[in-house]
Amino acid sequence: MLTSIAPKLPMRDKTATRDFYHKLGFSEFGKSDFPGYLMIRKESIELHFFEFAELNPMENYGQVYIRVSQIELVYQDFLDKGVAIHPNGPLQTKPWGQKEFSILDPDYNLLTFGEEI
């Protein structure tokens, strides 16, 4: 009976978070603009963010794994938009049968994009 999942990640600045995810193609949604909370989505992926102004990004362990199709196109789209790829996360085939790459958002939430090969 489960239908979806919406991870909740910390953010220090709502505007910076919104702008970063808009660059990735996500749109804000919801019935109202609540202070300290942000909901975004792209296709069937939904992410929520809560304000954590005191967050030290270097101590943030927020992570999300996003399954995609046509990962090479997603990767190239991000490169074309100037999205920084994580230094340890370029597009590569992993021994567990996934092709993956990773990025960090402004608060160092790690987003890994993967496609089964």
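**View A. The largest nonpolar core.** The largest nonpolar core of this structure holds 21 residues. Those with the most contacts inside this core are Y21, L24, L47, F49, F101 and I103. Eight named elements supply two or more residues each: β1, α1, β3 (37-42), β4 (45-51), β5 (63-67), α2, β7 and β8. The largest share, 3 residues, comes from α2. The model is predicted.

**View B. Surroundings of L47.** L47 is among the residues with the most contacts inside the largest core. Leaving aside residues up to four places away in sequence, L47 touches P7, Y21, F26, L38, M39, I40, V64 and L111. Two of these neighbours, Y21 and F26, return in the next view as a ring pair.

View C. How many aromatic pairs does the structure hold? The total is 7. For Y21 and F26, the ring centres lie 5.7 Å apart and the planes stand at 85°, so the pair is edge-to-face. An angle over 60 degrees is needed for that label. Y21 is buried, at 0% relative accessible area. F26 is also buried, at 5%. F20, Y21, F26 and F49 form one aromatic cluster.

**View D. An aromatic pair between α2 and β8.** F78 and F113 form an edge-to-face pair. Their centres are 5.3 Å apart, with 85° between the planes. F78 belongs to helix α2 and F113 to strand β8. The pair links distant parts of the chain, 35 residues apart. F78 is buried, with 2% relative accessible area. F113 is buried too, with 4%.

**View E. The salt bridge between R12 and D107.** The side chains of R12 and D107 meet in a salt bridge, at 2.5 Å from N to O. D107 is buried, at 2%. A search of the whole structure finds 4 salt bridges.

View F. E72 and K99 form a salt bridge, with the closest N and O atoms 2.7 Å apart. E72 sits in helix α2 (residues 71-80) and K99 in strand β7, so the pair ties together parts 27 residues apart in sequence. E72 is partly exposed, with a relative accessible area of 39%. K81 bridges to D77, and here the closest N and O atoms are 3.2 Å apart. K81 is partly exposed at 32%. D77 is partly exposed at 28%.

**View G. Strands β2, β3 and β4 around R41.** Strand β2 (residues 27-28) pairs with β3 in the antiparallel sense over 2 bridges. S27 has R41 of β3 as its bridge partner. β3 and β4 are also antiparallel, paired over 6 bridges. Here R41 has E46 of β4 as its bridge partner. The two strands β3 and β4 form a hairpin with 2 residues between them. E43, in the turn, has a positive phi of about 55°. What does the charged end of R41 sit over? It sits over the ring of F29, 4.0 Å from the ring centre.

Technical notes
Residues are numbered from 1 along each chain as its sequence is written. This is a predicted model: local features need pLDDT of at least 70, side-chain atom pairs count only at pLDDT 80 or more; totals for chains, interfaces and linings use all residues. Side-chain values use heavy atoms; hydrogens and water are left out. Buried means under 20% relative accessible area, exposed over 50%, partly exposed in between (1.4 Å probe, protein chains only). Helices (H or I, at least four residues) and strands (E, at least two) are DSSP runs, numbered from the N terminus. A nonpolar core is a set of buried Ala, Val, Leu, Ile, Met, Phe, Trp, Tyr and Cys residues joined through side-chain atoms within 4.5 Å. Contact means heavy atoms within 4.5 Å. Two strands pair if DSSP finds at least two bridges between them. Rings of Phe, Tyr and Trp (its six-membered ring) pair if their centres lie within 6.5 Å; planes under 30 degrees apart count as stacked, over 60 as edge-to-face and the rest as tilted. A charge sits over a ring if NZ of Lys or CZ of Arg is within 6 Å of the ring centre and within 35 degrees of the ring normal.
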